[in-house]
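Here is a friendly briefing to read beside the model. Please have the viewer open as you go.

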Amino acid sequence: MAEEPRVLSIILGGGKGTRLYPLTKERSKPAVSFGGKYRIVDIPISNCINSGYKKIYLLTQFNSASLHLHISSSYNFDRFSGGFVEILAAEQTLEHSGWYEGTADAVRKNFIHFKTQKPTHYIILSGDQLYKMDLRAFMDAHIKSGADVTIATTAVNRRDASGFGIMRIDQENRVKAFMEKPKPDANIDEWKIPAEARGALPKEKEYLASMGIYIFNADTMEECLLGENSKYTDFGKEILPLAIGKKKINSYVFDGYWEDIGTIRSFYEANIALCEPYPTFDFFGETQTIYTNMTNLPPSKINKADINASLISEGCIITEAKLNKSVIGVRSIINDGTELDGVIMMGADFYDTEEEKRDASKQPATGIGKNCKIANTIIDKNARIGDNCKIGISGKKYEDGDHGSFYSADGIIVIRKGASIPAGTEI
């Protein structure tokens with residue numbers, strides 16, 4: 001029998017997360033709340049765990065305090081399993097003193113930590129994507145093909161192809177060329193998926209886009225990142241295009257749901273889509289569990305509310321309110337007469353003390369007050385919204401950017417973390 005591969009999973013935490021600002025103002029992108037009770041980073045970590053790959057490194061360098069807290073409180077493996085989830089933030093050493101300069105540079109600077117695990121293969125994953133993938137099947141296909149590198153790809157139509165790195169493959173799924181984000185008017189007919197490799201893919205999806213998920217043989221990874229390649233910092237833009245023709249690089253076509261949730265608009269839509277009766281990405285089911293921190297909160301208490309197509313997390317108190325297609329995070333307090341439509345409420349890290357409740361004259365209580373009407377809005381954690389507020393229902397368009405008490409991005413109103421919105425405010 002062939003020796004079982006020793007797989008090390010590396011999750012790239014991303015940079016400053018400017019496209020998700022202001023959700024990334026005080027936290028790193030992987031630490032942003034998702035689906036009520038989860039964090040974005042729980043998705044790739046859970047994919048690794050469900051596939052049996054429990055040696056996981058998470059590379060990050062910006063606002064990592066809340067991420068450290070989440071990881072340390074959520075992922076503690078049995079000491080006999082050999083598993084771990086460990087954060088590697090950018091650090092100064094005698095060899096290098098700067099920040100991570102790109103995806104490849106982040107991996108290169110951590111070889112000293114990776115080599116102690118003596119891996120035969122590396123799986124490189126992104127920290128801001130929504131999908132469920134059997135990474136063991138991905139690895140099996142990689143080993144069977146004899147490839148040095150395998151790139152996970154997803155089929156896209158011509159319109160969407162302009163937003164991705166596009167692969168040209170042969171009938172045996174070998175990558176022959178790479179193109180970074182072709183212009184909408186460029187002729188890329190030669191890059192269509194060969195008929196022999198299409199399988200059951202939808203007819204309108206004729207091109208293969210990189211998902212930013214890779215498998216490298218360990219020796220190939222070092223060859224690609226060290227020596228004369230040490231000056232290159234990014235996998236997608238530099239390392240992989242340069243390796244084509246020199247190494248055997250294959251495409252692994254993933255035909256399941258996959259979504260990049262790196263912008264406010266895509267983040268909002270992916271959350272709201274969870275409220276559908278049969279969502280494409282679903283937290284329910286006995287297999288492919290998505291793990292997160294166990295908060296030990298009480299069940300949510302619903303006091304005469306009208307709730308339709310919404311997710312309610314633990315520890316909430318909802319009183320005589322109306323909710324439609326909304327995602328409600330832990331410890332959310334929603335008071336009498338309030339109506340939410342298409343709202344992502346991230347909840348709170350704490351409940352107000354009795355003293356804070358009595359002294360409500362200084363600022364509104366944590367949560368949403370009475371008789372508020374809120375739509376098409378993201379309410380970040382620990383926000384305080386007073387009575388009789390109207391947010392996102394006027395139809396007024398705001399320019400993207402900071403507007404004082406709130407932020408506008410991609411047409412979505414974002415109430416900042418810890419913000420205090422006075423009673424009667426209209427946005």
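This is a predicted model: local features need pLDDT of at least 70, side-chain atom pairs count only at pLDDT 80 or more; totals for chains, interfaces and linings use all residues.

Residues are numbered from 1 along each chain as its sequence is written, and side-chain values use heavy atoms, with hydrogens and water left out.

- Helix α1 spans residues 42-50, and eight of its nine residues are buried; helices here are DSSP runs of H or I with at least four residues, strands are E runs of at least two, and both are numbered from the N terminus.
- Buried means under 20% relative accessible area, exposed means over 50%, and partly exposed is in between (1.4 Å probe, protein chains only).
- The buried set is D42, I43, P44, I45, S46, N47, C48 and I49.
- S46 has a relative accessible area of 0%, and a polar atom of its side chain lies 2.6 Å from the backbone oxygen of D42.
- Beyond residues up to four places away in sequence, S46 touches Y75, T289, I290 and Y291, where contact means heavy atoms within 4.5 Å.
- Just after α1, G52 has a positive phi of about 85°.

**Strands β8 and β12**

- Strand β12 (residues 249-253) is mostly covered, with four of its five residues buried.
- Strand β8 (residues 149-156) pairs with β12 in the parallel sense over five bridges; pairing requires that DSSP finds at least two bridges between two strands.
- T150 has N250 of β12 as its bridge partner.

**A nonpolar surface patch**

- I302, I307 and I312 make a nonpolar surface patch of about 200 Å².
- Accessible areas come from the Shrake-Rupley method with a 1.4 Å probe.
- I302 lies in strand β14 (residues 301-303) and is partly exposed, at 37% relative accessible area.

**I427**

- I427 lies in the segment after β29 (420-421) and is buried, with a relative accessible area of 5%.
- Leaving aside neighbours within four places in sequence, the contacts of I427 include K390, I391, Y398, F406 and I415.
- The C-alpha atoms of I427 and G262 are separated by 25 Å, and the two residues are 165 residues apart along the chain.

Note on methods:
Patches are made of residues with over 30% relative accessible area and no salt bridge: like charges are joined within 9 Å, nonpolar side chains (Val, Leu, Ile, Met, Phe, Trp, Tyr) within 5 Å. A salt bridge is a side-chain nitrogen of Lys or Arg within 4 Å of a carboxyl oxygen of Asp or Glu. A polar contact is a pair of N or O atoms within 3.5 Å; within protein, one must be able to donate a hydrogen and the other to accept it, and residues adjacent in sequence count only if both atoms are side-chain atoms.
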